[in-house]
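Student: Before we start on this one, can you walk me through what the model shows, piece by piece?

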Amino acid sequence: MSAAGRPKAAAAEERPVTLTALAQSKASDRPVVMVTAYDYPSALIADQAGVDLVLVGDSAANVVLGYESTVPVSVDELLVLTKAVRRGLRRALLVADLPFGSYEASDLEAVHTAQRFVKEGGADAVKLERAGTSIDRARAIVAAGIPVVGHLGLTPQAATALGGYRAQGRTADQAEQLAKDAVALQDAGCFAIVFEAVPAAVTELIVPRLSCLTIGIGAGPATDGQVLVWHDLLGITDGSLAKFVRTFADVRTEMLRGVTAYADAVRAREFPSTEHTYAIPADELADLTVRLAHLG
Ligand code: KIV
């Protein structure tokens, strides 16, 4: 991309989003907006659109790296994406997902991985999935000075154990556990919790019991904010979408139209035309023609 073609970052509001500002949004009932992003141009656009939080989700595994699930993606792969997103953000708070297998074994491992995302990736905060041992991991990372976002409900890293990609908290037992887990993550110091694929009525009962920020994806309107995956909301993904996704644009169709038009233009020798071609002064060209003739 040429420098001239780059959209300006953070045109909406330059002041960086802080944890205090997010807490104020919750207090004043102003919905918080989060999206995922995995590269520099998307980060510029998210910032320019005035999004509050950008998540380099491990959903990158599926939507940009082509893995079958989020399980295989590595810290090093997500770090490359996190650094790219960091370069594009001026205002939004940058949250990086801790991938499966990079934080569960011990507090030491969790703190070490979180520090890599902050120090090398430039993340402002990290996100981890589930409750259980993740409660201790969250506490340890917060104690090391790194803000943490929890993630409950459908936690894709544990999809097999959860019986697949399905809504969670649909029995009173499960929903009660969800509420207890949320309070435990909050008490461990999480400044926010993502609720994924949870019945709206359950979220409605849990959210008023929490003072931390709540962000929903397929969890109804009661949370303090919403998050969607970039490729889903823009209609880039080719495949079935979760029930909770609304596509706000049809970017895939436009991309397909553009690439097909380019291929057609090349095959028709219609591109490049003179306007896309560099010239050489006539005398230099004449000189070159003579020289090449001598070369044989
Ligand atoms: O990885 C991701 O994109 C996520 C969001 C769905 C919250 O965790």
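Tutor: Two strands pair if DSSP finds at least two bridges between them, and the strands (E, at least two residues) and helices (H or I, at least four) are DSSP runs numbered from the N terminus. This is a predicted model, where local features need pLDDT of at least 70, side-chain atom pairs count only at pLDDT 80 or more, and totals for chains, interfaces and linings use all residues. Residues are numbered from 1 along each chain as its sequence is written, and side-chain values use heavy atoms, with hydrogens and water left out.

Student: How many bridges join β6 to β7?

Tutor: β6 covers residues 192-196 and runs parallel to β7. The number of bridges joining the two strands is 5.

Student: Is β7 mostly buried or exposed?

Tutor: Buried means under 20% relative accessible area, exposed over 50%, and partly exposed in between (1.4 Å probe, protein chains only). In a regular strand the side chains alternate between the two faces of the sheet. Here Leu213, Ile215 and Ile217 on one side and Thr214 and Gly216 on the other are all buried. With 5 of its 5 residues counted that way, β7 is mostly buried.

Student: How far is the polar side-chain atom of serine 59 from an oxygen atom of the ligand?

Tutor: A polar contact is a pair of N or O atoms within 3.5 Å. For lysine 127 the distance to a ligand oxygen is 2.9 Å. For serine 59 it is 2.5 Å.

Key:
A polar contact is a pair of N or O atoms within 3.5 Å; within protein, one must be able to donate a hydrogen and the other to accept it, and residues adjacent in sequence count only if both atoms are side-chain atoms.
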